[in-house]
Structures are given as structure tokens and as C-alpha cells.
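Please consider the structure shown below before reading on. The paragraphs that follow lead through its loops, its helix packing and one of its pockets.

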Amino acid sequence: MAEYVNVAVDAMGGDNAPVEIVKGAIEAVNESDHVKVFLTGQEEQINNELSKYTYNKEQVEVVNATEVIETAEPPVMAIRRKKDSSIVKALYLVKDGVCDAYVSAGSTGATLVGGQVIVGRIKGVERPPLAPLIPTEKGCALLVDCGANVDARPSHLVQFAKMGSVYMESVMGVKNPKVGIVNIGAEEEKGNALVKETFPLLKNCPDINFIGSIEARDIPSGLADVIVCEAFVGNVILKMYEGVGGTLIKKVKEGMMTTLRSKIGALLVKPALKNTLKAFDLEQYGGAPMLGLNGLVVKTHGSSKSVEIKNSVLQCITFTEQNINQKIKEKITMEEN
């Protein structure tokens, strides 16, 4: 039997479940023979979707779950009460060692709570952050945190920087990744109380490549590889990225259709433009890993289509094969010693 990276996928989570979730899972197994997907959710619905595709049956398993946690439900209560939900069942597959990773487009709150309560934190990690990849002029950067800890302390941000550095170096292949803290200016004395307290801690941290403050306008240029901030700021940056990106793409397409000359020009540049715009499509980068847990937990957008689910599953392979959790443990242990 082949050695797989096992990924539990919440088939009932998100706006487009189970159709796009199952489609993305099948696209992932058809692209890689190193992954096996465990689809958790209502068995009959999942099997109906699976019947549409051709795939290696050994790489897909359905785990029945009768309940669904809705986005609006209080996450702590939902995790406690809905033990037979697709989210809880998938998280327990990771906790019990059946699966290496979890992917969901469902309730963010339930995933964050379940990740900490069910999967559990690595010893020494104070607060696991959500860390999505965002496109830049030089490739991509890791935004950490984007939604898990809106009231972070300086020590949390230092750990975010360390875990983010491990991820960028081991998963993305960036040697000695540059770390910047989001600020309203480049000067060390600028910023709110959190930034002012965190800056000297990062500056004196020997195992990260800290380059100082980074303003929001410098993020798209790729000035830093790891963007450190608390979740309120990070979420605003992420949502602005998504909004501006979508608007620019729309406006470029509209501009190319205004005259006969622009339409002819559009035909000539279409292949090159398509590749350029694709690089700034957040779906191409998969979901946001929740760093610092005993297993990999990945949260994708609620509106995820199959491409984001596929890429989220595939990123789990690299994360697992590169033994990221062990490397994070070593970083945090080094900090304690």
C-alpha cells in the first residue's frame, strides 16, 4: 500500500458545499498520488458528488457525519453539542493520528476553537495564528495573524514571527525570510503600544531576520516575506487585498473592451495578462494554515471553489513532508531555553 499524506476535508463546510469541496478534493488526488482524502459529512450527498468523477478509489474515503455546524452558530457551543458534525469528525481524525491535516471552508470560529480544543497546541505555543499566503511583486508573503487573535500580546507576535519564518523557509523555500511588523511608519518610535513593545523584542531575536517596520503600501512590493501583526490589522489587510485585487481585475477587463482597438490589443496580450492576473488570485495559494497546533489545520474562504480546496489539500503535502510542526517545536523550545 502506498504511503499517503492523509487529509481530512470537511465536505459540508462553506457556501459551495458539498459540490465544490468534493470536486476540489478529487482534483487534488488526481494531481498527486501522495495524498489520501477523508471526506467528512453526510455520506449520501458526498457519494452522489463522487459518482461524477473518475479517481483512484484508494485515495478517497468517506466518513459519515450527520450534523453540520453553521457559520452563525456560537463556535464553542457548536463544538461541544455537535459531536457528529463534519468539522468535529474531521478534527478528531487529526487528533487521533488518522490524518495529518484538516481542511475546511466552514465556520472559522468552530475551526479556530476546535483546532485548539481538539487538536491542541504545541507545548510552548501561546496563541496559534492564522497565516495565509498573499501575492506580492516578488512572489508571495505570509500574513500572520489574519483572524485568530485580535487581542495579541508582544510575546504572541514574536512567536508568530518565528513560526512564520519556519513556514516560509521550509514550505515556500525562502532562505532566511525577511520579517517585518506592520506599522504606520518606518521609524522605530512610531506605532501603537503593541507595536512599540514588540519592535525591540523582534529586533533582539537572534533566530529571525527582522528588517523593522513595514507600512501597508509596501506589502505588495514584497519588502518582507513574513508580515507580522495582530488579527484585527491582519484581517483588514487581507480583506483590502481581496477587494482591491478584484476591482483592478474587473477594471482592466472593462478597459480592454471599450473600443475596437483595445479589443484587438486585448487579444494580443491575453495570454501574458492571464498569467499575470493569475499570480494575484488569492485562490491559487490555498487556505490559511493555523500554525502551532499538534496537527495541520487549514481554513479556506467560505466562498471557496474547487481550485482553492485543491490547492489547500496539496499544500498539506509539503507541510507534512517538511515536518513543519517539529521545526516549530524546536524554535519555541529554543525560545524557552
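In which loop is the place of asparagine 323? Asparagine 323 lies in the loop that runs between helix H10 and helix H11, the latter covering residues 324–336. The model under discussion is a predicted one. In this model, asparagine 323 has a positive phi of about 55°, although it is not a glycine. A second residue of this kind is asparagine 176, whose phi is likewise positive, at about 50°, although the residue is not a glycine. Asparagine 176 belongs to the loop between helix H6 and strand S7, the strand comprising residues 178–182.

The backbone also contains cis peptide bonds. One of them joins alanine 17 and proline 18, with omega at about -5°. Proline 18 is part of the loop that connects strand S1 (5–10) with helix H1. Another cis peptide bond joins valine 144 and aspartate 145, and here omega is about 25°. Aspartate 145 is placed in the loop between strand S6 (139–144) and helix H6 (154–170).

Helix H1 spans residues 19–31 and helix H10 spans residues 306–321; their axes come within 7 Å and cross at roughly 45°. On the H1 side, the contact is made by Glu20, Ile21, Lys23, Gly24, Ala25, Glu27, Ala28 and Glu31. On the H10 side, the residues are Ser306, Val307, Ile309, Lys310, Val313 and Leu314. Classified by type, this contact has seven nonpolar, two polar and five charged residues.

How far apart are the axes of H1 and helix H2? They are 9 Å apart, and H1 packs with H2 (residues 43–50) at an angle of about 55°. That angle makes H1 oblique to H2. The crossing of H1 and H2 is again right-handed. Here Val19, Val22 and Ile26 of H1 meet Ile46, Glu49 and Leu50 of H2. By class, the contact of H1 with H2 has five nonpolar residues, no polar residues and one charged residue.

A further helix pair is formed by H4 and H5. The axes of helix H4 (residues 86–95) and H5 come within 10 Å and cross at roughly 35°. H4 passes H5 in a right-handed crossing. From H4, the contact draws on Ile87, Val88, Leu91, Tyr92, Val94 and Lys95. From H5, Ala110, Gly114, Gly115, Ile118 and Val119 take part. The contact of H4 with H5 has eight nonpolar, two polar and one charged residues.

Helix H5 leads on to a pocket. The second largest pocket has a volume of about 530 Å³. It is lined by 33 residues, of which Thr108, Lys299, Thr300, His301 and Gly302 are the closest to its centre. Which elements give two or more residues to the lining of the second largest pocket? They are helix H5 (108–119), strand S5 (133–136) and helix H8 (231–256). By class, the lining of this pocket has 13 nonpolar, 14 polar and six charged residues.

Key:
Residues are numbered from 1 along each chain as its sequence is written. This is a predicted model: local features need pLDDT of at least 70, side-chain atom pairs count only at pLDDT 80 or more; totals for chains, interfaces and linings use all residues. Side-chain values use heavy atoms; hydrogens and water are left out. On a 1 Å grid over the protein atoms alone, a cavity is a set of points where a 1.4 Å probe fits but cannot get out, and a pocket is an open set with protein on both sides within 12 Å along at least five of seven lines; lining residues have an atom within 4 Å of a point. Grid points are joined across faces, edges and corners, and a volume is the space filled by probe spheres set on the points. Helices (H or I, at least four residues) and strands (E, at least two) are DSSP runs, numbered from the N terminus. Ala, Val, Leu, Ile, Met, Phe, Trp, Tyr, Cys and Pro count as nonpolar, Asp, Glu, Lys and Arg as charged, and the others, Gly among them, as polar. Axes are lines fitted to C-alpha atoms, for helices over the stretch in contact, and angles run from 0 to 180 degrees between N-to-C directions. Contact means heavy atoms within 4.5 Å. Angles under 35 degrees count as roughly parallel, over 145 as roughly antiparallel, 65 to 115 as roughly perpendicular and the rest as oblique. A crossing is left-handed if the near helix is turned anticlockwise from the far one by less than a right angle, and right-handed if clockwise.
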